[in-house]
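This report describes a single protein chain and its ligand. It is intended to be read alongside the sequence and the coordinates.

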Amino acid sequence: TAGPLVLGIETSCDETGVGIARGTTLLTNTVASSMEEHVRFGGVVPEVASRAHVHAIGPMIEQALADAQVSLSDLDALAVTAGPGLSGALMVGAAAAKGLAAATGLPLYGINHLAAHVAVDLVAPDSPGLVTPTIALLVSGGHTEILRIGDIVEDVELLGATIDDAAGEAFDKTARLLGLDYPGGPNISKAAAGLLDGTGVPGDPQAVRFPRGLATKKDLRDPERRYSFSFSGLKTAALRTITAAEAELARSAEPAGTAPTPAPASGAAPASSPNGSYVCVPAVQGGRYADVTSSGAGAGAASAGAEARGERGPLRLADVAASFEEAVVDVLVKKTLLACADTGIDHVLLGGGVAANARLREKLAEACARRGVTLRVPPLSLCTDNGAMVAALGAEIVSRGLAPSDMGFGVLSSLE
Ligand code: KG4
Ligand code: ZN
């Protein structure tokens, strides 16, 4: 009953992960991240990620074996992410795994990264066992998908994905526009909670009506768009909103001659002021952007779908962050439950780094409860990219007695 001993390698994005599982028991989940190296670029740079994998992959494999106190000769199989992901990054893991397989004679299994995000629940300490069929919502910095999973090995169907930015990427890019550091998700959440402007007052998620991409009635009727996502318009709308708010702030500060010295943001393009101007300007103004009335917001913001503020009070950084978060979460939740309704499946699994978002967890839990759908969120350390998920799916495949991959298998940046 112990199950096969499998070492899994994950290098699809910026995490170099090596996990070892014995059946459904996780022995180690060792992860190195090159995230720090991407901070100044505001997002993952493929070349930088690939090079970091080359440095990390050898030591990480050694580290995982040491942590789990197993040697290569104890293993029953090797597993590695074959896609989807960044091609160059995937190649590093695949090449390492093939080298190990050649040297040891161990069977090697190429693994679908998306299915692995779901299979990881098999090795969670509090695992209820893998519930199938299930709808899976996978949201990270690299991908955004809704899957229908009848069986974790034989019946994995991609219902829809983002056509532009990933959900986490939208958080990261918008955070940058707001002057918040990468990774942007946690910082936008903090800003939305009012923790970054010194007020401690949560933002109003209805303050700005940001666009909900691909979620009009017409989009939902179109089978090509029903489960697809688009977040790039949201980013543009956020930019217009904050630019208008800042312009208004500068204008209102001028006549009184009270323009604070740290006001470079008034004229500067938001993207060129990545560190702090949007945070510190509202802070010196008591945590408030200037009042953005319908005239103040300008036609740009209005046409981008960012509703003018009208009667409401001053627009705060917290309001913009909360409204942005709400727009992303709204579509994610709506489409996930649509998938449940369409397929008659009453279980949802949430995975990917954006699963850390409290608002998403809260709204998804509420919506699921309302429809009698059960929701499972694996522990966060297993939601982000890691080697355990690859080992978990590898062990499941080995347990079923399936044949290993051909040694010539390639990596696929998109895999369906
Ligand atoms: O799965 P993950 O760790 O790795 C990659 O995709 O590479 O996901 C990281 C992503 C980043 O885009 C980050 O901004 C986002 O997850 N993220 C969040 C939160 N925490 C992390 N997004 C929204 N809210 C959060 N609390
Ligand atoms: Zn992932």
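Predicted model: local features only at pLDDT ≥ 70, side-chain atom pairs only at ≥ 80, totals over all residues.

Residues are numbered from 1 along each chain as its sequence is written, and chains are lettered from A and ligands numbered from 1 in the order in which they are written.

**Overall fold.** The chain contains 14 helices and ten strands; these are DSSP runs numbered from the N terminus, with helices (H or I) of at least four residues and strands (E) of at least two. Of its 416 residues, 53% are buried. A residue is buried if 20 or more other C-beta atoms lie within 10 Å of its own, exposed if 12 or fewer, and partly exposed in between, with C-beta atoms placed from the backbone. Among contacts with a separation of 6 or more, 74% join residues 24 or more positions apart; a contact requires C-beta atoms, placed from the backbone, within 7 Å.

**Ligand shell.** Ligand 1 is surrounded by 21 residues, the closest being Ser140, Gly141, Gly168, Gly185 and Gly353. A residue belongs here if its C-beta atom, placed from the backbone, lies within 6 Å of the ligand. Helix 5 (167–177) and helix 6 (184–192) each contribute at least two residues. By class, the shell holds six nonpolar, eleven polar and four charged residues. Ala, Val, Leu, Ile, Met, Phe, Trp, Tyr, Cys and Pro count as nonpolar, Asp, Glu, Lys and Arg as charged, and the others, Gly among them, as polar.

**Annotated residues.** An unreviewed UniProt entry carries the annotation "binding site" for His113, His117 and Asp385. They span 273 residues in sequence, yet no two of their C-alpha atoms are more than 8.9 Å apart, so they gather at one spot. UniProt annotations may be inferred rather than shown by experiment.

| Residue | Location | C-beta atoms within 10 Å | Contacts |
|---|---|---|---|
| His117 | helix 4 (residues 113–119) | 30, buried | Leu138, Gly351, Gly352, Met389 |

**Helix 14.** Eleven of the twelve residues of helix 14 are buried, so this helix is largely enclosed by the rest of the structure. Met389, a contact of His117, is one of the buried residues.

Note on methods
Contact = placed C-beta atoms within 7 Å.
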